[in-house]
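Here is a short report for a first look at this structure. Start with the sequence and the model below, then read on.

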Amino acid sequence: MAENNINKETLAEDTLEKTKNLALQLTNSQAQIKNVDDLKNVEKNWQNIIKQIESIEPLTKAYQEKPELLNTYLTNLMAIQKKISEENKALNTKQEAEKNINLALENQKNNQWTKAVSHWQNALNFLNKISPETLVSQEIKELENNANKQLETAKKELQKALTREEMKSEIKKICENTD
């Protein structure tokens, strides 16, 4: 029985040390996260660490640290899950912006300037919804800069097209009045 208790105590201490080391490594590695897949890997690692902490048996010295560590690690897990949700939302919003960008480009090819202006504005509206705290923020800045330039071009072309239509209308009126 005493040997069984020693084994439990040793296992609990080993598990505690192992999880503390893993948690420290994981915390330090979070600075190098580049994408949602990296975030998901961090999430899995926090889940594994939490499972290991939960496996520490009662009536061991390590068990006394369990509640505080669980609280800390669960807080870290929830923060990562929130970040994953924010990043997924940002990616979905970016995809909506890209759809509008593609539609605007197609409209420009077809000289449909009113539609192009509308799609460029929609794209910018989507891009502006994305937080600068997201992993895609640098890509968003580039898309936004391009969309702003394209919007200005489309507005100028729309104005030219409207002016041409006004001129055609005036010429048609003049021609009709001379008959």
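## The buried side of H5

In helix H5, the residues Ser137, Ile140, Leu143, Ala147, Leu151, Ala154, Leu158 and Ala161 are buried. Buried means under 20% relative accessible area, exposed over 50%, and partly exposed in between, with a 1.4 Å probe and protein chains only. An α-helix has 3.6 residues a turn, so residues three or four places apart point the same way. The cover over the buried residues of H5 includes H3 and helix H4 (113-128). Contact here means heavy atoms within 4.5 Å.

H5 covers residues 137-178. At 1.5 Å a residue, its 42 residues should span 62 Å, and the end C-alpha atoms are 61 Å apart, which agrees. The expected span is 1.5 Å times one less than the number of residues.

## Basis of the model

This is a predicted model: local features need pLDDT of at least 70, side-chain atom pairs count only at pLDDT 80 or more, and totals for chains, interfaces and linings use all residues. Residues are numbered from 1 along each chain as its sequence is written, and side-chain values use heavy atoms, with hydrogens and water left out.

## Overall build

The protein has five helices and zero strands. Helices (H or I, at least four residues) and strands (E, at least two) are DSSP runs, numbered from the N terminus. The radius of gyration is 30 Å, well over the 16 Å that the globule rule gives for 179 residues, so the protein is more spread out than a compact globule. That radius is taken over C-alpha atoms, and the rule is 2.2 Å times the number of residues to the power 0.38.

Along its principal axes, the C-alpha trace spans about 115 × 20 × 20 Å. Buried residues make up 30% of the 179 residues. Of the contacts between residues at least 6 apart in sequence, 69% join residues at least 24 apart.

## One aromatic pair

Rings of Phe, Tyr and Trp (its six-membered ring) pair if their centres lie within 6.5 Å; planes under 30 degrees apart count as stacked, over 60 as edge-to-face and the rest as tilted. The count comes to one aromatic pair. Trp46 and Tyr73 form this tilted pair, 5.4 Å centre to centre with 40° between the planes. Trp46 lies in helix H2 (residues 36-54) and Tyr73 in helix H3 (residues 66-109), so the pair ties together parts 27 residues apart in sequence. Trp46 and Tyr73 are both buried.

## An exposed loop residue

Ala31 sits in the loop between helix H1 (2-29) and H2. At 70% relative accessibility, Ala31 counts as exposed.
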